[in-house]
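Please find below a short note on the model under review. The points are numbered so that each may be checked against the structure.

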Amino acid sequence: MTLLSTRGLSKSFAGLRAVHEVDFDLPEGEVRALIGPNGAGKTTFVGLLCGRIAPSSGQVFFDGREISHLPAHRRIGLGMAYTFQITSVFARLSLFENVALAARRRLHGAAAVEAEVMSALAKVGLTEAPERAAGDLSYGHQRLLEIAMGLVQAPRLLILDEPTQGLSDAEIAGFKALVRELSATTTILLIEHNMSVVMEVADRVTVLNFGEILAEGTPAEMHANADVQAAYLGTG
Amino acid sequence: MSDGSKTLALHGGLLVLLFALQFVLPAYHHGNLARIMVLASFAVGYNVMFGYTGLLSLGHALFFAAGMYGMGLAVQHGGAAPVPGLLAGIAAAVAVSAALGLLALRTSGVAFMIVTLMFAQAGYLTVLYFGAYTRGDEGFVLQQAQRVLWGIDLTQPDTRYFAALTLFAVCVLTTLALVRAPFGRVLIAIRENEERARMLGYDVFRYKLAAVVISGTISGLAGAVYGLLFGYVGATFASVQYSIFPLLWVLLGGAGTVLGPFIGTLFMFYLIDLSSAVTSAYMLVAGVALVLLTLFAPQGLVGEIRDRIWRWLP
Amino acid sequence: MLASLEGAVTAAVLALTAIGLSLVFGVMRVVNVAHGEFFMLGAVLAWWVASHVGGPPAVGFVAALVIAPLAVGALAALADMTVLKRVAYDPERTIVATIGILYILQQVTLMTYGPEARPVEAPFNTRLALPWVEWGEGGIQLYWPWGLSTTSYKLFVIGAAAAVLVGVWLLMARTRIGLLMRATQLDREMALAFGIPVERVYAMVFGIGGALAALGAVLIVPIQQAHYLMGGDPLLLSFIVVIIGGLGSLPGTVAAAVLIGLSDGIISVFFSPTLAKILATLLVALVLVFRPQGLFGTGAK
């Protein structure tokens, strides 16, 4: 069953086509990587999916219903979760409160919230001193906190924008394991530059270039695809 | 002690202290403190919007005056008793703050500040325009007979003090409960990072609107009680000055702290009180305080304490 | 006709004051709430200079015309360097700080100058009768009716304001300083990277903004008297003008000043001044809510 799809989705900024006529389908339960050279429109595209950015034209469908007209918070309410590319945690609030804010929209009661928050923090390995201010964390740990804020929402679709950027090798290994574990219950769309992550965790890969879908297939197919290589080398 | 019980002990302790003070203070300071508690309630209301939600309003005189005139006009021209009068004041504040919120929240940042300033100015001019009822700048006095609540004469210093303390306690405890509840946490999240809060699925506009209405209602309640306790309703309370005052009090005491508004109001009241003995240009103190605060202590007094000593302060 | 001439005087002074506010907002992206107090200081200084310079009124007036804007401009630049620079031009903190400056200037004036309103004598003030055209029995006739007259000074105000506005435009469009200002306005970071002394440009812009307000005040002070609370109305009107003209747009500001100045005279014929002010304030608020780019602006940037 298709969880998320777009038809003719376009966005232009002052005449510049950031995303152009994209038809995209994401089946439920899949881990999909979205790759492409810098400026290919990846962040704009996921921004259009979750309603951060209004499209110039086109439609977005989620779970069989059209959501193009819904504001961002309603889409999140339907079961999307979004983590920001540029870490955007609540810097002056504690780790615990950051995750609790994400949890409280679906959970009620302090005990239930606390249990889920601690479990989400444990999944990303941030159990130490949850009362610390989020802004005091290292950049890599802030990325992990972002992921915990996504997890705790128990979303049907988790959108991760460059989650491994700034993580250490050990943390990246942990992240891969986490995604595999999650993939049993959650559909995941991740923008990723780290090819080892893409090769190991993604079921399928969509390649964006100049705001359009260049190719789609398994990681191995994409790895071998001449067009994709050309796009990355800038000769395409 | 857990943070929760420390918080309760501190705020409860302040209220008990204020209760006890009425028996020992000399008449002059006794009267001052009653006035400070009502004005601090106004500041507590302001703090909900500015301190906790991060919405800087330059038009809170509009809400204070809405409550005051809602009560005053109902009592003076409608012949209402104090309780229906208070209710009229609250209703006016709710209506005005909801209307202002619906319009002004379409803007943000500097535009929001100017829009609130402009609406408050329009409100002030409206008070002047309907001078036939409001008596404009001159204002009107509520007679003693109009200020008896359930047989309690609010013109007496001790009942007045007690009424002011009750109002203040209600406002402080309401805010305390608010900011410790999930709802208040979302307001703080909006202050810290509005876009992030939206992308966690919160309807930011509705939360902000609720904050404006709660803030405006507390401020309006303070205005209504002020008119009732001190027996005077005048256009000064709708002027720009009374929009700047709560900002100043909250900044001084510490925005986003429950105790900040009271500390700031207390401090500023006595600063102006002392300086007005020296010069008629007592607002100079307010001006200097505003500049110094923005330069050197944007956290305010209680805010600095929280940063340095008591991290748990709500 | 007469109303519109009075309106033109208002518009001229308003344009000067508002262009100062608009310049500051345009280049520095901050709102100066103390702008009205710079206006007030200009008027009070004009009185002070005029009353300390001997000789005919014209000498004192000319001296005031030079000294008051310079002094106020210097004070504004000083305020920029000591206060605004230190809050890093954060929009919200700047507003709070300039509210503080507003009270300081106003109250210091009250302490030194006092609560009285004082006039400055106009340098020349001959009465000019104006012709009136009417259909009479024999076709078009020209009248010089009693009461329909203006003074040479009022015409001078309009001319002087127009000249200064052209001067500001030339400064912005044709000089190196103007180029630096526009570069800073477009992209502060880029300007810094190109070695433009952004801090000095800011101090200068804030100074020029204050000086323009003061200049407007010196021009109006022979018509209105100088008073320590006179800054409120110009501030409010300048806000209205700047917002309706589109935040930071200089041509829009001038156009809006003319519109507001002229209509102010005409509106007050139909409405009481208070009601006119209520409507104007509400209009501004609603423009900001529904058309933040101003009535003359073309879409958001």
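Predicted model: local features only at pLDDT ≥ 70, side-chain atom pairs only at ≥ 80, totals over all residues.

Is the crossing of α4(B) and α10(B) left-handed or right-handed?

1. The crossing of these two helices, α4(B) and α10(B), is right-handed. Helix α4 of chain B covers residues 82–104, and helix α10 of chain B covers residues 204–230. Their axes lie 8 Å apart, and the helices pack at an angle of about 145°. On the side of α4(B), the residues that make the contact include B:L86, B:G89, B:I90, B:A93 and B:V94. On the side of α10(B), they include B:L209, B:V212, B:V213, B:G216 and B:G220. By class, the contact of α4(B) with α10(B) comprises 16 nonpolar residues, 6 polar residues and no charged ones.

2. Helix α10(B) also packs against helix α3 of chain B, residues 61–76. The axes of α3(B) and α10(B) come within 6 Å and cross at roughly 50°. The two helices, α3(B) and α10(B), are therefore oblique to each other. The crossing of α3(B) and α10(B) is right-handed. From α3(B), the residues B:F63, B:F64, B:G67, B:M68 and B:M71 take part. Their partners in α10(B) include B:S219, B:A222, B:G223, B:Y226 and B:G227. In the contact of α3(B) with α10(B), 9 residues are nonpolar, 6 are polar and none is charged.

3. The next matter is how the chains meet. Two pairs of chains are in contact, and of these 2 pairs, chains B and C share the most contacts. Chain A and chain C are joined by no contact, and their closest C-alpha atoms lie 10 Å apart.

4. Helix α11 of chain B (residues 241–253) packs with helix α4 of chain C (residues 91–112) at an angle of about 120°, the axes being 12 Å apart. This angle makes α11(B) oblique to α4(C). The crossing of α11(B) and α4(C) is left-handed. In this pair, B:Q241, B:I244, B:L247 and B:L251 of α11(B) meet C:V96, C:I99 and C:Y103 of α4(C). The contact of α11(B) with α4(C) contains 6 nonpolar residues, 1 polar residue and no charged residues.

5. Chain B also touches chain A: 18 residues of chain B are in contact with 21 residues of chain A. Between them, chain B and chain A bury about 1800 Å², of which 61% is on carbon and sulfur atoms. On the side of chain B, B:R196, B:M199 and B:L200 supply 39% of the area buried against chain A, more than any other three residues.

6. Charged pairs deserve a separate remark. Side chains of opposite charge can pair when their charged atoms come close. Across the interface of chain B and chain A the rule finds 4 salt bridges. A salt bridge joins B:E195 with A:R52, and the closest N and O atoms of the pair are 2.8 Å apart.

7. How many salt bridges does the structure hold over all chains? The number over all chains is 20. One salt bridge joins the side chains of A:E216 and A:R32, at 3.4 Å from N to O. This pair links distant parts of the chain, for A:E216 is in strand β10 of chain A (residues 212–217) and A:R32 is in strand β3 of chain A (residues 31–35), 184 residues apart.

Note on methods:
Residues numbered from 1 in each chain as written. Chains lettered and ligands numbered in written order. Heavy atoms only, no water. Axes fitted to C-alpha atoms, helices over the stretch in contact; angles between N-to-C directions. Helix = DSSP H or I, 4+ residues; strand = E, 2+ residues; numbered from the N terminus. Parallel < 35°, antiparallel > 145°, perpendicular 65-115°, else oblique. Left-handed = near helix turned anticlockwise from the far one by under 90°. Contact = heavy atoms within 4.5 Å. Nonpolar A, V, L, I, M, F, W, Y, C, P; charged D, E, K, R; others polar. Buried area = accessible area lost by both parts, 1.4 Å probe.
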